[in-house]
Structures are given as C-alpha cells and as structure tokens.
Amino acid sequence: MSGSSVPRVCTRCILDTTVPKIRFDSNGVCTFCRIHDELEKNHPLDAEGRQRFEALIDTVKHHGKGREYDCIVGVSGGRDSTYTLYTAVRMGLRPLAVHFDNGWNSDISVSNIKNATEALDVDLYTHVADWEEFKDLQIAFLKASTSDAEVPTDYAILSVLYDVAAKHGVRYILNGHSFRTEGVAPITWTYMDGRYIRAVHEQFGSKRLTTVPIMSLTQLLYYTFIRRIQVINVPEFIEYEHETVNRVLEEELGWRYYGGHHHESVYTEFFQSFLLPTKFGIDKRKLEYSALIRSGQMDRAQALAAVQTPYAYNKEIVEYTIAKLGLSNEEFEAIMRAPVKTFEDYPSYYSLIRASRIPIKIACNLNLLPHVFYEKYLGE
Ligand SMILES: [Zn+2]
C-alpha cells in the first residue's frame, strides 16, 4: 500500500493502491483508466464500430460455409456468455455451445444453459472433468497460495474451446468478456498459462490429469497460427448494459440471475466473496464497479460507498466448499494462514512472454488482453 495505511484512490474510477503496481498520472487517473480509453478507441460503439462488427460476422459466416457450425460459444449459464450466444444466433450465426463442467455448477446455471440452448435451438457439447482430478488441481492452487485460484477453470475452458473449434474446423470462438463491464484485471490477480498451471499442480497435486485439458504453448501456437483460430469478445462490439441484458435474457430465454458477479459457479462465489477478500485483501467489486463507472453505467460516489461494506459471503457456501474439496478444518486453516505468493514464485512462460512479441499476440487472441496492456503500460 505504498507506505501509507490509507490506500490512494484513482480520481476517475475506484481502483486504489491495494492493486499491485498501480500508477497514477498527474491528474490522479490510474493506468487502468488509460487502458480503458485505449480499448474504447479500438472498439467504438458508433456507426463505424457497428459496421466493423457486421463485417466480422460476415467473415465468420463465410469461413463457416459448408460446415456444421461457424463458431464456438463457451457457455457457463452466466449473463455474459448467455447473451453472447443469444447475439450470435440473432446475427444469423450457427454456433455450437460448449460448456466445461468442473463440478461446481449451481442449479441455476445448469437450467440457464438448458433453457438458452433449447430456446435458441443450438447444439450443446459439455466437457465433464473428472471430479477427483479437478479437485486435486483446485486444492493444488489453494496450497500454492496465489490469488488466482480460478485460473485452472478459466484455462481449462479456453483449452476445451480451442480443442472443440479445431475438431470442427471452426475458426472463431465467441466470448462474453467486455472491458466495459468487467474491466482490465491486474496481472497478479489472473495470470494464466499452461506451464504455470502444470508447475503448480506438479508441486502440490497428486493425481494425473487426464480429463482436464491444459493447452501447452505449442498447441496454442498451432491453434493460433496454423489453424488461425480467433477469439471475438462479442459484448465489446455492442451496447451492453446489465439491466437491459438481464431483461432480454429473462423474457426471451427463461434465464435467471444468480445474485452476484460470476456467482453462477459455487466455487467462483466462494473465491470472490470469501477467499480473495479474507486471505488476499482483494475486492473484485472494485474492478467491476470501476469498469461500470468508466462506461457510464455506475455512479462513482455510489461505488465508493458500496465497497465500504465488506464483500458479503454466505457461510454455508464456504462450509460447502471446504467439505466438497474434502479438506479438514485444520487443512483449510493452514491454507488460509499460509503466506501469500504470486505466479512469479512458480515456473511459467511469463519471462518468455515478456521477451517476445509473438506470444503477446497470442495472449491477445486468447483474450488475455489485460496482460498485454499490462506490458504496454505497466511493464517495468
Ligand atoms: Zn482509474
């Protein structure tokens, strides 16, 4: 916290010095706000942006001619991915919906996926990870004591999406991420690459991973440069306002909200509402609210007031998570007490990524834009 007990807050958003390596310009505006402006320039929501999006959709259709599907849409049952699927179908695309089941789906997310794919008449492929294996990987990350305990899920999803795309000869993966609503995550909060995940698992895990796909760098290079598979963040091209989107999804797809940002997964709820704030002092609402402030969807004073109240967590969810992972209370307490580490304490491709422009382009295609912009703006 740069030597003082009161964190310094950005004058435009609500990110503060609890964010590693955050910097401020002479007006007190943080680096993440500048990154937002840069992204805004690249993804304007005007007529030109709309035209660009339509041209992109035409390209997707063109490359999909003669194939069963023209794009892959990853679905979690959450708002962003469901709306991405909805938009794809409304734009005349023929998507295959792909879901990665890591064992933590809430009942609502399961019914959301079912309702959406049925209402939109879209095929669904579900990749189910073996629970014992996935549990082993999740516990390994908890023991590694890094603040990115959701990375195994995020990276496995990405690996499945690329895999399925390649299998079907599809070149486009549609994703529900948007900098306008989710913001740009600091690198130490969400770093991921195949080497890092395998290294953590090797050190702290005990099972062999056969049903949890973890793409290697070689595979990634192959998918990106030989198969030319691209990731498109659909919400970045369209007007995307939470309340309107919720209403459309509820009315047209029988979708239901699950009560918190990314709480469609029970583990994500545990992670964001309990593990991050309690052990790491990280409040992800700051990231989300900051994004909403920058895109004019939330009032800054209101956001500042909201984060004064500690992130509310459901004790039952915490107890359920510990029990489901099969951890004893002593084991869990040891995890909570262990000194905090970052991905830089473990082997990864990070130095390679830093040293090379090509992996940075891959990271871009992989929807790892935050890291890319981190390099651009926050790199030492
Ligand atoms: Zn800011």
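Two strands are taken to pair if DSSP finds at least two bridges between them. Helices (H or I, at least four residues) and strands (E, at least two) are DSSP runs, numbered from the N terminus. The model is predicted: local features need pLDDT of at least 70, side-chain atom pairs count only at pLDDT 80 or more, and totals for chains, interfaces and linings use all residues. Residues are numbered from 1 along each chain as its sequence is written.

View 1. Strand S2 (residues 95-101) and strand S3 (residues 123-128) run parallel and are joined by 6 bridges. Asp101 has Val128 as its bridge partner in S3. Between S2 and S3 the chain passes through helix H4 (residues 107-120), a right-handed β-α-β crossover; right-handed denotes that, with the strands pointing away from the viewer, the path from the first strand over the helix to the second runs clockwise. Strand S1 (residues 71-74) is likewise parallel to S2, with 4 bridges between them. Val73 is partnered by Ala97 of S2. Because 6 of the 7 residues of S2 are buried, the strand is largely enclosed by the rest of the structure. A residue is buried if 20 or more other C-beta atoms lie within 10 Å of its own, exposed if 12 or fewer, and partly exposed in between, with C-beta atoms placed from the backbone.

View 2. The 14 residues of helix H5 (residues 131-144) should span 20 Å at 1.5 Å a residue, and the end C-alpha atoms are 20 Å apart, which agrees; the expected span is 1.5 Å times one less than the number of residues. Buried residues of H5 include Phe134, Leu137, Ile139, Phe141 and Leu142. The buried residues pack against helices H6 (151-167), H9 (194-204), H15 (315-325) and H16 (329-337), where contact requires C-beta atoms, placed from the backbone, within 7 Å.

**View 3. Helix H13 and its cover.** In helix H13 (residues 285-294), 8 of the 10 residues are buried, among them Lys286, Tyr289 and Arg294. Their cover includes helices H1 (31-42), H7 (179-182) and H14 (300-306). Gly296 follows H13 and has a positive phi, near 75°.

**View 4. Ala306 in helix H14.** Ala306 lies in H14 and counts as partly exposed because it has 14 C-beta neighbours inside 10 Å. The C-alpha atoms of Ala306 and Ile35, 271 residues apart along the chain, are separated by 24 Å.

Methods
Two residues are in contact if their C-beta atoms, placed from the backbone, lie within 7 Å.
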